[in-house]
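Subject: Structure for your review

Dear colleague,

Please find below the structure that I am handing over to you.

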Amino acid sequence: MDHCKLVFSILSFILLFSFLEDAEAYTPQRGNVHTSMGPYFYRTNYDGEGAERGYRTGLNWVIIGDVNDRGSLEFTTTFMNKSFVGRKDGYVVIEDTQVVHAAAGYRRWFGSRYSAVMSLYTSYPLGDSEKVYNSFPVDPVKTYAHENAETGLDFGAQAELWAQGRYALTTEARYSWALTKNHDEFSDQYGFMIVLRYFFQGQNTPREELLK
């Protein structure tokens with residue numbers, strides 16, 4: 001899917017449900033803290049020459065703190081092997097780098113099972129980059145794999161699949177839109193995650209008593 005269409009769809013989701021009122025099941029409360037962890041399956045938004053097929057797998061860890069009954073602050077750390085694709089004059093270079101993807105943002109809740117998030121992220125390399133594909137006859141263009149950090153926006157839409165007591169299983173579709181990429185470079189990503197969420201603490205009431 002084209003990244004502009006996907007970003008537009010997620011933004012439309014946020015705007016549409018921001019006007020809905022839903023008092024069912026779990027209600028966020030100021031002071032509640034959740035943590036979750038699980039695999040992240042992702043691909044670089046590039047289907048041209050040298051493109052990798054299938055999805056890669058990273059590890060995702062999230063901490064969520066409710067600020068009121070509709071929203072939460074969210075801090076995400078993801079470890080992944082990220083691809084950067086550079087093109088010029090019909091030639092292509094693809095470089096991989098192990099990164100830690102750190103994001104901070106706001107999650108909007110739409111009742112008991114659905115939420116959406118928008119975050120600002122920064123990806124930091126954990127080592128040297130590796131060329132996995134190169135069609136340049138001489139030195140290729142430099143990609144953001146050689147920079148100290150990359151910045152962008154994360155958009156996500158989440159659904160709760162199962163919940164019991166302090167635990168919940170959720171799935172989330174996510175798109176990472178790189179803001180600092182070079183001209184004619186591809187480093188945006190799309191993917192999905194399945195995570196186990198744990199209600200860590202509440203200001204006054206345990207999670208199970210918040211389920212109406």
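The notes that follow describe a pocket, a surface patch and a set of salt bridges.

Please bear in mind that this is a predicted model.

The largest pocket

The largest pocket has a volume of about 150 Å³. Its lining consists of 13 residues, and those nearest the centre are Thr44, Ala51, Glu52, Arg56 and Ser83. By class, 6 of the lining residues are nonpolar, 4 are polar and 3 are charged. Strand 1 (33-44) and strand 3 (71-88) each contribute at least two residues to this lining. Strand 1 gives the most, with 3 residues.

The nonpolar patch

The salt bridges

Side chains of opposite charge can pair when their charged atoms come close. The count in this model comes to 14 salt bridges, and three of them are described here.

In one, the side chains of Arg107 and Glu74 meet at 2.5 Å, N to O. This pair links distant parts of the chain, since Arg107 belongs to strand 4 and Glu74 to strand 3, 33 residues apart. Are these two residues buried or exposed? Arg107 counts as buried because its relative accessibility is 1%, and Glu74 is likewise buried, at 1%.

In another, Lys131 and Glu95 form a salt bridge at 3.4 Å, N to O. Here too distant parts of the chain are linked: Lys131 lies in strand 6 (residues 130-134) and Glu95 in strand 4, 36 residues apart. Lys131 is partly exposed, with a relative accessible area of 45%, whereas Glu95 is buried, at 2%.

Arg174 also forms a salt bridge with Asp154, and their closest N and O atoms are 4.0 Å apart. Arg174 is in strand 8 (residues 167-178) and Asp154 in strand 7 (residues 150-164), so the pair ties together parts that are 20 residues apart in sequence. Both Arg174 and Asp154 are buried.

Finally, a network of salt bridges links Glu74, Arg107, Asp154, Glu172 and Arg174.

Yours sincerely,
A colleague

How values were computed
Residues are numbered from 1 along each chain as its sequence is written. This is a predicted model: local features need pLDDT of at least 70, side-chain atom pairs count only at pLDDT 80 or more; totals for chains, interfaces and linings use all residues. Side-chain values use heavy atoms; hydrogens and water are left out. On a 1 Å grid over the protein atoms alone, a cavity is a set of points where a 1.4 Å probe fits but cannot get out, and a pocket is an open set with protein on both sides within 12 Å along at least five of seven lines; lining residues have an atom within 4 Å of a point. Grid points are joined across faces, edges and corners, and a volume is the space filled by probe spheres set on the points. Helices (H or I, at least four residues) and strands (E, at least two) are DSSP runs, numbered from the N terminus. Ala, Val, Leu, Ile, Met, Phe, Trp, Tyr, Cys and Pro count as nonpolar, Asp, Glu, Lys and Arg as charged, and the others, Gly among them, as polar. Buried means under 20% relative accessible area, exposed over 50%, partly exposed in between (1.4 Å probe, protein chains only).
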